[in-house]
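Hi,

Here is the model I promised to pass on.

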Amino acid sequence: MQINEGEIEKRDIFIKQVEELSGQNLFGCYQCGRCSAGCPMVSRMDAIPSMVMRLVQLGDEKVLDKNTYWVCASCYTCDVRCPKGIDIAKVMEALRQIKLRKNLNYVDIKKIDGIEELPQIALISNFRKYTG
Amino acid sequence: MKIPYFPGCSLKSDAAHFEQSAIEFSKTLGVELVELPNWNCCGTVHSLTTDDIMHHLACVRNMVHAQELGKQLGTNKLITLCAMCYNTLAQVNELAKKKPDDLKTANEFIDDLPDYEGKVEVLHLLTFLNNYVSFEKIAKVVKGRLNGLKLAPYYGCLLVRPEHVKVDDRERPVLLSKLLGMVGAKCVEFPYAVECCGSYHTVNLKEAVIEKTYTIVNNARENGADAIVLSCPLCEFNLDKRQKDVKAVYPTFEPMPVFYFTELLALASGKKVNVNAHYVSPENVLRKYGL
C-alpha cells in the first residue's frame, strides 16, 4: 500500500489529536494484547482494544467507525494491567470526544427504552459518556 | 468525632437505605457523618480527556464545601459511601494536586466560593473504618454476629481502579471480607469480585448488563454464597433490579439478594434490614441464618 504525502500529514494530525486529548504516548503500545484479554466488554466489540491501539498508531481515522470506544465501559481494567502503563481508557475517551465534539451524540435521550425505571446515577453517567 | 460526608444523588433516592444504615452504624462507633452543605452532583464519571476542566468543576465545588466544613470541624477528611462518587471526587482531588495550573483555572472560574487549596483527603467509608477506626474495634463494639452468613464480596471497578485512587489491592481486594468476617459473616472466594457489571450500559445496552449479572450472580452461587455485598448504587441496580430482566432471558435463573455493606454492619449491631428497598427479597436468606 502506498501512502502519499498529504495522507501522511492527515494521519499525523489525527495521531497528535488522540495523543493530546488522551495525554498518552500511543507508541508505547507493543501489541501484547493484555488489554483485550481482560476487557469485560470485548465480546461486543467489532475491533478489540489492542486493535484500536494499532489503528490509532497508524493514524487511521477508520478507527472511528468501530464500535469499540462506545462499548468500552470505562472500567479501567486495561489501564491497570497494561505492562507499558498506557491508560487505554483515556484513549477510548479521546475517540468518544472526537465524535461528541462534532455534535454527534451516540445516545438519543428521547429514544431510551424504559427510562422511568432507571436511576439517575445510570442516566447521568450514560449521558456524560454518550452525549456532547 | 464529626466528619464531613458527601451523599450524592443515589443516597437520597434509590439507595436511601445505604445512607441510613451507614449513618446509624457510624453512630454506634461514635462517628457522626455531617452532610456537606450545598453539595452538588459529582458528575458520576471522571472526565478522562486532558483539556476537559469544565467537567471537574462540580467536584471542585464539593471539595471547597468539604474544605470549609472541615475547617469548622477540625478535620481535612471527606467521607463518601457511593463508589462512583468516591472515584470521581478522589480522581479530581488527585488531579488538583498533580496539576496546579488546572486547579487555578477551576478556582478562578468558581468565583462565588473560596479557593480550593487541595488539602482535603477523600476517603471511602471502608478506608476510613480500616485506617481510622480499625476493624478490631468494630468487632468489639458490634454486639451481634452475622451467624456465618455466606457472602460474595463485590467491589466492581471504581473502588479498586485506577491505581492512584484504589482503596485496596486491585486484583484481590480483601477489605470487605476482613470487615464482614470480623462481625461473623463468611465471605467466599469470588473471582468476579472486581469484574465490571456493565455500568452505564444499563441505559442503552441492557443485554450486556443482563449477561454480566447472569454470570456474576451464578458465579457467586457456585462459590457457595447466599448473597452479594457491595458499595455502589449503580452496581446494586445492575445486580439486584436487573435480575428481573435476567429471569426473563434465562427462566431457570435463581435470584440472589444484594446488600450494601453498611446494611449488614447495621444488622450486626442490632438494626433491622429494610427488606422493601430490595428488588430480590433478602427475607429467606436472613431467616436461614436466624437474622
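Chain A has 132 residues, and a compact globule of that length would have a radius of gyration near 14 Å; the value for chain A is 16 Å, so the two agree. Please keep in mind that this is a predicted model. Along its principal axes, the C-alpha trace of chain A spans about 50 × 30 × 25 Å. As for what is tucked away inside, 38% of the 132 residues in chain A are buried.

Now for one helix pair you can look up yourself. Two packed helices are described by the angle between their axes and the distance between the axes. In chain A, helix H1 (residues 5-22) packs with helix H6 (residues 88-100) at an angle of about 115°, and their axes are 8 Å apart. The crossing of H1(A) and H6(A) is right-handed. Which residues meet there? From H1(A) come A:Gln17, A:Val18, A:Leu21 and A:Ser22, and on the H6(A) side are A:Lys90, A:Val91, A:Glu93, A:Ala94, A:Leu95, A:Gln97 and A:Ile98. Sorted by class, the residues of this contact of H1(A) with H6(A) are 6 nonpolar, 3 polar and 2 charged.

On to chain B, which is divided into domain 1 (2-126) and domain 2 (143-288). The C-alpha centres of these two domains of chain B lie 25 Å apart. How many residues are in contact between them? Domain 1 of chain B puts in 20 residues, and domain 2 of chain B puts in 23. On the domain 1 side of that contact in chain B, the elements giving two or more residues are helix H1 (16-28) and helix H3 (83-98). That side of domain 1 of chain B has 10 nonpolar, 7 polar and 3 charged residues.

Helix H12 (residues 261-268) of chain B deserves a click too. Is H12(B) mostly covered or mostly open? Mostly covered: 8 of the 8 residues of H12(B) are buried. They are B:Phe261, B:Thr262, B:Glu263, B:Leu264, B:Leu265, B:Ala266, B:Leu267 and B:Ala268. These buried residues of H12(B) pack against H1, helix H7 (175-182), strand S7 (227-230) and strand S8 (258-260) of chain B. Just after H12(B), B:Gly270 takes a positive phi of about 100°.

Last, the place where the two chains touch. The contact takes 32 residues from chain A and 31 residues from chain B. On the chain B side, helix H8 (201-204) and helix H10 (233-241) each supply at least two residues. H8(B) gives the largest share of that side, 4 residues. By class, the side of chain B that touches chain A has 14 nonpolar, 11 polar and 6 charged residues.

Cheers

Terms used
Residues numbered from 1 in each chain as written. Chains lettered and ligands numbered in written order. Predicted model: local features only at pLDDT ≥ 70, side-chain atom pairs only at ≥ 80, totals over all residues. Rg over C-alpha atoms; globule rule 2.2 N^0.38 Å. Buried ≥ 20, exposed ≤ 12 C-beta atoms within 10 Å, placed from the backbone. Axes fitted to C-alpha atoms, helices over the stretch in contact; angles between N-to-C directions. Left-handed = near helix turned anticlockwise from the far one by under 90°. Contact = placed C-beta atoms within 7 Å. Nonpolar A, V, L, I, M, F, W, Y, C, P; charged D, E, K, R; others polar. Domains from an automatic or database assignment.
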